[in-house]
Amino acid sequence: MKHLHRTASLGIALALFTALTPALADSTTTAGGLVNKGLVGVGRIPAAQRDKFGETFGSGSGMAIDTSSWTHDAGTYKGSLWLLPDRGYNVAGTTDYRPRLNTIGIEFTPAAAGSAGQEQNEVKATLTDTMLLTDDKGANATGLDPLSDVRAATGDMPMLPAATNGKLALDNEAIVRLPNGSMFISDEYGPNIYRFSAQGRLLSATQPPAALVPMRKGAPNFSSDNPGPGAAEPDPKDPETGRQNNQGLEGMAMTPDGKFLIAVLQSATRQDGGDSGSTRQNTRALVYDASDLARLKLAHEYVVPLPVFKDAKGKTKVAAQSEIVALSDTAFLMLARDSGNGQGVKGDTSLLRQIFVVDVSAATDITGGPFDAADRPVAPKGVLDPSVTPARLTPFIDINDNAQLNRFGLHNGAPNDHNNLSEKWEAMSLASVLDPKLPDDYFLFVANDNDFLAQDGFQVGAPYKADDGTNVDTMFLVYQVTLPGLAKK
């Protein structure tokens with residue numbers, strides 16, 4: 001869970017850390033004092049899994065570990081976590097899938113350093129419960145695209161995306177579970193931050209600055225251009241300003257001290273270069289004061305430059321961010337990835353799936369300024385305004401590292417089979433190693449979004465089959481990492 005510990009400064013000198021720590025394996029990498037000790041476990045939930053409503057299970061858009069349940073005995077860890085699926089199987093368009101949250105029981109036995117775990121069963125994950133998410137009146141929400149409808153603001157509730165059937169439209173992407181069981185969930189459509197009760201009922205909602213709200217023909221329009229059965233596409237297809245289609249608040253995390261909630265847009269807004277795959281680099285991190293859970297207050301806002309890479313044809317591409325884990329109010333881990341490569345899609349070799357350390361301590365705070373308006377881009381055509389200093393990125397964990405993956409019978413690249421990593425890795429969460437000799441060590445759980453790709457799928461009252469005979473499991477990769485100072489406050 002992203003609020004699991006209070007934090008101290010992460011600026012502990014790497015030299016001091018190294019002097020006090022035994023020599024690590026050759027695979028160890030460091031980033032600004034943080035240490036990656038490598039992959040220590042893999043697990044799967046089969047693509048054929050169904051939830052208690054009889055519908056195909058799909059998860060990994062967001063994850064939060066219940067650290068209050070986390071125990072360690074005789075080399076095995078036990079606990080539970082929450083996995084958040086997005087809007088349901090939607091290869092041919094969105095459906096009236098009911099948004100939900102899954103509870104997963106975990107037994108985790110880490111592999112010994114340098115050993116192989118070919119059976120991929122270090123993580124034994126069992127679906128134990130599923131809870132539906134509803135609107136503030138207790139009515140079911142939906143995964144359907146909010147093509148042109150908007151639920152008008154009422155009382156303290158802002159305007160909200162609505163499907164043509166009148167239901168609140170949600171495309172869930174990240175979750176923060178609070179100690180009282182209530183939760184923050186970010187979504188793609190708004191892009192909004194929603195607060196739900198422990199029973200899954202909407203309590204409040206927070207809209208981002210105007211610069212992020214999707215606008216078509218001068219009016220808010222929350223469509224992502226994924227119409228449901230028989231529905232027409234939005235006009236125009238893309239927003240003119242605001243978040244790009246399917247590029248909402250993909251990452252969100254609470255700071256370890258519980259004071260701030262950080263949310264990051266998946267890629268740049270339309271006016272900041274998000275109309276092109278090569279210029280969408282300058283996305284935004286929103287830092288909210290969370291002292292009043294019902295009324296989040298935007299405290300800081302920073303530009304985060306997404307990683308750039310060359311595709312197989314030598315063209316410049318920008319990776320999208322998929323999830324974050326907060327280390328403090330000025331530093332967080334960020335998972336970024338390419339698209340179109342991995343099991344379940346045509347491409348077989350991912351060119352970038354990587355976790356970075358993002359440091360905003362020296363970045364320009366643009367909150368409340370002119371760049372929060374839709375008519376003042378902070379990065380017109382992808383070129384950052386010279387008055388703005390962006391966040392700093394440092395590479396930390398390369399998920400595509402075949403030296404690590406091969407130890408567990410996995411790979412990145414051909415053959416594009418069951419052991420090739422799937423396309424979308426979108427969830428992260430931390431749990432302590434619970435070792436007094438390693439007080440700064442944690443397990444970083446990373447999970448994929450399997451897009452509900454199964455051969456015997458069933459959702460919204462109908463069976464379905466994914467193309468090309470694909471069955472994509474929900475998977476967990478677990479890394480052991482050292483995060484100096486994280487547990488000291």
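Modeller: Gladly! Strands (E, at least two residues) are DSSP runs, numbered from the N terminus, and two strands pair if DSSP finds at least two bridges between them. In E10, for instance, Asp187 is the bridge partner of Asn172. Residues are numbered from 1 along each chain as its sequence is written. This is a predicted model, where local features need pLDDT of at least 70.

Biologist: How many bridges join E9 and strand E10?

Modeller: In general, strands of a sheet pair through backbone hydrogen bonds, either parallel or antiparallel. Here E9 and E10 (residues 183–187) are antiparallel, with five bridges. They belong to an open sheet of four strands in the order E9-E10-E11-E12, with antiparallel pairing. Strands E9 (172–177) and E12 (202–206) each have a single partner strand, so one side of each is left without a neighbour in the sheet.

Biologist: Is strand E4 largely enclosed or open, and why?

Modeller: Buried means under 20% relative accessible area (1.4 Å probe, protein chains only). In E4 (residues 76–84), seven of the nine residues are buried, so the strand is largely enclosed by the rest of the structure.

Biologist: Which strands does E4 pair with?

Modeller: E4 runs antiparallel to E3 (residues 62–73), joined by eight bridges, and antiparallel to E5 (residues 100–108), joined by seven. Look for Ile65 opposite Leu81 in E4, and for Lys78 opposite Glu107 in E5.

Technical notes. This is a predicted model: local features need pLDDT of at least 70, side-chain atom pairs count only at pLDDT 80 or more; totals for chains, interfaces and linings use all residues. Side-chain values use heavy atoms; hydrogens and water are left out. Buried means under 20% relative accessible area, exposed over 50%, partly exposed in between (1.4 Å probe, protein chains only).
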